[in-house]
Amino acid sequence: ALDEYMKALTGEAFLWTLGFLCFSSFIYGMLAMKFSMPPVDLALVTPFVFGSHGLIVQLLIWKDNE
């Protein structure tokens, strides 16, 4: 039962991370079309994705424990 719970939490956190990444890259692209923006190094995106995934999992666990 705990494996299914963690699988569901991980999947939901992945979807939240993917949504946030897509939304932020869309906003950055729109701003880059209007203003001069520095390029984003893709090597910095991976730690952001893993870090935000871990943070979102912790927030979901915290929400479920309330």
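Of the 66 residues of the protein chain, 11% count as buried (under 20% relative accessible area with a 1.4 Å probe, protein chains only; exposed means over 50%, and partly exposed lies in between). The model is predicted, so local features require pLDDT of at least 70 and side-chain atom pairs pLDDT 80 or more, whereas totals for chains, interfaces and linings use all residues. Residues are numbered from 1 along each chain, and side-chain values use heavy atoms, without hydrogens and water.

The secondary structure comprises 2 helices and 0 strands, defined as DSSP runs numbered from the N terminus (helices: H or I, at least four residues; strands: E, at least two). The C-alpha atoms of the chain fill a box of roughly 50 × 20 × 15 Å along the principal axes.

The largest nonpolar core consists of 5 residues: Leu 9, Ala 13, Ile 56, Val 57 and Leu 60. Such a core is a set of buried Ala, Val, Leu, Ile, Met, Phe, Trp, Tyr and Cys residues joined through side-chain atoms within 4.5 Å. Helix H1 (2-34) and helix H2 (45-65) each supply at least two residues of this core, and the largest share, 3 residues, comes from H2.

In the whole structure, 1 aromatic pair was found. Phe 20 and Phe 48 form this tilted pair, with 5.9 Å centre to centre and 40° between the planes (ring centres of Phe, Tyr or Trp, the last by its six-membered ring, within 6.5 Å; stacked under 30 degrees, edge-to-face over 60, tilted for the rest). Because Phe 20 lies in helix H1 and Phe 48 in helix H2, the pair ties together parts 28 residues apart in sequence. Phe 20 is partly exposed at 47% relative accessible area, and Phe 48 is partly exposed at 35%.
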